[in-house]
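Hello,

Here is the structure you will be taking over. Please open it alongside this email.

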Amino acid sequence: MWEVFYSSNFVHQFLLERYKQAGREDAEKKSYDNCYPFMYYLQHGKKFYDNAHEAPLSIKPVLLFYGNVQLLKACLLTIHADYPESSSVLAHGVSTRKRKKQNYDFFKDEVKIQKHGLFTYFSEKMFHVKHAYGEKFCMRELLEHVEELKPLFQLYFKHKDERDKHHIHEVVAHYLLLYNLSMICRYETEWWYDLLHSYSNDAYPFIVQFLEATERKIPSYLYHYLLHNEKDQD
């Protein structure tokens, strides 16, 4: 589906229309400057997702996370022509706590929002939501925002999921989940492989189904975001 954007002439006009709608006086120059970065973000993201589709589960979270990052950068270029205006927006924008080696519970694990970085940047620019510095999200809460996991929650926990603490866009939930899973995959290898091979943890089916859902859902959502976001410009 991304091939529609693999023409510099089309992308130049596409970005030019977006920037004019945003009231940019330098729309012509910016659409020219950002034409190839936009296409390269999309192509790089697609390569990550293509490889994730063929990759074993053990490394899939890393590929999906970085694919997600590249597609988000392309989306940001359509609504904010100066992206990235500083190096502070290039960091991931979230962090994970140090994990205890014993009695670690993935559902209770948390990510913490940083003051600067891609997470806070795209949340504000794309979804008009400002997240507070130091705000925390636990994995179970984030998983409950994934529509495809509702039947699994009802089956395992015998009740409907609850979303009282945070009301966030599902794309935001996917980003945070993928960030943490990619960190676990890279730096908590022993726990990760125990999860993949022992089947002794309730988190396993949730993680597997989430990865299947995000691989399919996020590229599709962001593709439609690019095509239909012209009425919601900053």
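**Ground rules**

This is a predicted model, where local features need pLDDT of at least 70, side-chain atom pairs count only at pLDDT 80 or more, and totals for chains, interfaces and linings use all residues. Residues are numbered from 1 along each chain as its sequence is written, and side-chain values use heavy atoms, with hydrogens and water left out.

Helices (H or I, at least four residues) and strands (E, at least two) are DSSP runs, numbered from the N terminus. Contact means heavy atoms within 4.5 Å.

**Helix packing**

Start with α1 (residues 8-21) and α2 (residues 27-54). Their axes come within 8 Å and cross at roughly 130 degrees. Axes here are lines fitted to C-alpha atoms, for helices over the stretch in contact, and angles run from 0 to 180 degrees between N-to-C directions. The angle makes α1 oblique to α2. The classes are: under 35 degrees roughly parallel, over 145 roughly antiparallel, 65 to 115 roughly perpendicular, and the rest oblique. The α1/α2 crossing is right-handed. That term applies if the near helix is turned clockwise from the far one by less than a right angle; anticlockwise is left-handed. On the α1 side, the contact includes V11, F14, L15 and Y19; on the α2 side, it includes Y32, C35, F38 and M39. By class, this contact has eleven nonpolar, four polar and three charged residues. Ala, Val, Leu, Ile, Met, Phe, Trp, Tyr, Cys and Pro count as nonpolar, Asp, Glu, Lys and Arg as charged, and the others, Gly among them, as polar.

Next, α2 against α3. Their axes come within 8 Å and cross at roughly 160 degrees, which makes α2 roughly antiparallel to α3. The crossing is left-handed. The contact of α2 with α3 has 13 nonpolar, nine polar and two charged residues.

Then α3 (residues 60-79) and α7 (residues 170-187). These pack at an angle of about 140 degrees, with their axes 8 Å apart. So α3 is oblique to α7. This crossing is left-handed. Among the contact residues are L64, F65 and V69 of α3, with Y175, L178 and L181 of α7. The contact of α3 with α7 divides into 13 nonpolar, three polar and one charged.

**The core**

The largest nonpolar core has 81 residues; F38, F106, F122, M126, Y175 and L176 touch the most other members. Such a core is a set of buried Ala, Val, Leu, Ile, Met, Phe, Trp, Tyr and Cys residues joined through side-chain atoms within 4.5 Å. Its largest share, 13 residues, comes from helix α9 (residues 203-228). What does L176 touch? Leaving out residues up to four places away in sequence, L176 touches V94, V111, I113, F119, F137 and L142.

**Two residues to look up**

Y41 lies in helix α2. Y41 is buried, with a relative accessible area of 18%. Buried means under 20%, exposed over 50%, and partly exposed in between (1.4 Å probe, protein chains only). Residues up to four places away aside, Y41 touches Q70, K73, A74, L77 and Y83.

Q154 is in helix α6 (residues 150-157). Q154 is partly exposed, at a relative accessible area of 40%. The C-alpha atoms of Q154 and V11 are 44 Å apart.

**Backbone spots to check**

Most residues other than glycine have a negative phi, and most peptide bonds are trans. Here are the exceptions I noted.

- The peptide bond from Y83 to P84 is cis, with omega near -10 degrees. P84 lies in the loop between α3 and β1 (94-96).
- H128 has a positive phi of about 55 degrees. H128 lies in the loop between α4 (118-127) and β3 (136-138), and is partly exposed at 43% relative accessible area.
- Y199 also has a positive phi of about 55 degrees. Y199 lies in the loop between α8 (189-198) and α9, and is exposed at 57% relative accessible area.

Best wishes
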